[in-house]
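Visitor: I am new to this structure and would like a close look at a single part. Could you take me through how the helices in the opening part of the chain pack together?

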Amino acid sequence: MLPAQQGSFRLFRFKRIDVHVHWSWFIIAMYSVSQRVPNYTTPAWAVLEYVMLFVTVTLHEFGHALACRQVGGTANQIVLWPLGGVAYVAPPQRAGATLWSIAAGPLVNVVLLPVFIGLGWACRWAGLLENNPDFVHFLRALVVMDLSLLVFNLLPIYPLDGGQILRSLLWYWCGRARSLQVATIIGLIGGVGLVALAVWDQSIWLGVIAYFLLSQSWGSFRAAGALRKLEQLPRRPEFKCPVCHALPPRGALWVCPSCKAAFDPFATAAVCPHCQHANDTTMCPNCHEARPHRSWDASIVDA
Ligand SMILES: [Zn+2]
Ligand SMILES: [Zn+2]
Ligand SMILES: [Zn+2]
């Protein structure tokens with residue numbers, strides 16, 4: 001779980017997606033608004049600019065969430081916290097589904113760019129910008145903000161969108177675990193580069209972001225190692241996951257919910273050999289969906 005989920009509250013709900021805001025977001029908001037105030041003759045413009053940043057980030061996250069739903073994944077929550085937005089998406093574990101879920105976020109910024117530029121032109125054409133330097137600055141800020149979000153998110157540093165897009169592309173070529181290993185190694189190198197940049201620029205903010213990216217990359221690198229071990233285990237061809245159709249690996253990789261001992265449900269018809277507890281469902285190590293043990297029989301043909 002990311003730290004963003006703790007200490008956040010629900011702001012609104014749209015298309016069955018809850019948008020949460022972390023309490024610390026408001027402190028950052030106040031600081032950011034105060035930073036923007038000197039650019040305008042009235043503080044209201046600074047507030048409006050920050051509201052638009054909020055809207056842009058939220059739209060970006062909705063891009064991820066709705067794309068993830070489109071390919072059959074689950075996405076129910078967006079959390080806005082000081083380091084940006086996080087869409088909690090679980091796309092199906094396929095390269096194409098993951099690629100679309102990730103790419104849809106930056107694509108929102110690509111679509112917004114001509115919208116913001118066009119808005120500026122329309123306002124100029126309508127004569128709204130004459131003798132109104134605040135409005136001119138605001139419209140410029142919208143374009144710069146959208147472009148900055150786009151460029152930053154596309155850096156190939158896992159888990160930034162760019163790093164995850166790179167991972168999804170590598171997935172076609174070298175598989176789920178290997179692609180994650182390669183992308184997270186690049187992410188770790190990029191993260192170290194950001195730390196160096198933060199020291200050189202004496203930017204605490206960049207340092208915090210670099211630390212966050214490094215810790216996430218490291219966690220995912222370790223998960224990739226575990227995933228690779230799992231991929232290399234021998235399989236049981238007489239069973240298959242009713243959801244993702246992956247063959248289950250051989251070995252005591254499941255934990256009995258009753259006695260917490262490790263066992264292999266495919267060797268014992270889902271009865272725990274330690275406490276004799278009969279498990280109704282078996283979780284798929286590939287897609288993490290739990291389904292009735294009977295439905296894992298490979299001879300069952302999908303309707
Ligand atoms: Zn994104
Ligand atoms: Zn599965
Ligand atoms: Zn047991």
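Guide: The chain is divided into domain 1 (1-154), domain 2 (159-232) and domain 3 (237-303), with bounds that come from an automatic or database domain assignment. Please keep in mind that this is a predicted model, where local features need pLDDT of at least 70, side-chain atom pairs count only at pLDDT 80 or more, and totals for chains, interfaces and linings use all residues. Residues are numbered from 1 along each chain as its sequence is written, while chains are lettered from A and ligands numbered from 1 in the order in which they are written.

Let us start with helix H1 (residues 24-36) and helix H2 (residues 43-70); helices here are DSSP runs of H or I with at least four residues, numbered from the N terminus. Their axes come within 8 Å and cross at roughly 130 degrees. Axes are lines fitted to C-alpha atoms over the stretch in contact, and angles run from 0 to 180 degrees between N-to-C directions.

Which residues meet? From H1 come Ala29, Ser32, Val33 and Arg36, and from H2 come Ala46, Val47, Glu49 and Tyr50; contact means that C-beta atoms, placed from the backbone, lie within 7 Å. The residues of this contact of H1 with H2 divide into 5 nonpolar, 1 polar and 2 charged. Here Ala, Val, Leu, Ile, Met, Phe, Trp, Tyr, Cys and Pro count as nonpolar, Asp, Glu, Lys and Arg as charged, and the others, Gly among them, as polar.

H2 has 28 residues and reaches 41 Å from its first C-alpha to its last, close to the 40 Å expected at 1.5 Å a residue, where the expected span is 1.5 Å times one less than the number of residues. After H2 comes glycine 72, with a positive phi near 90 degrees.

Further along, the axes of H3 and helix H4 (residues 133-153) come within 9 Å and cross at roughly 165 degrees. That makes H3 roughly antiparallel to H4. Among the residues that meet are Leu112, Leu113 and Phe116 in H3 and Leu139, Leu142 and Val143 in H4. By class, this contact of H3 with H4 has 15 nonpolar, 4 polar and 1 charged residues.

Methods
Helices (H or I, at least four residues) and strands (E, at least two) are DSSP runs, numbered from the N terminus. Two residues are in contact if their C-beta atoms, placed from the backbone, lie within 7 Å. Angles under 35 degrees count as roughly parallel, over 145 as roughly antiparallel, 65 to 115 as roughly perpendicular and the rest as oblique.
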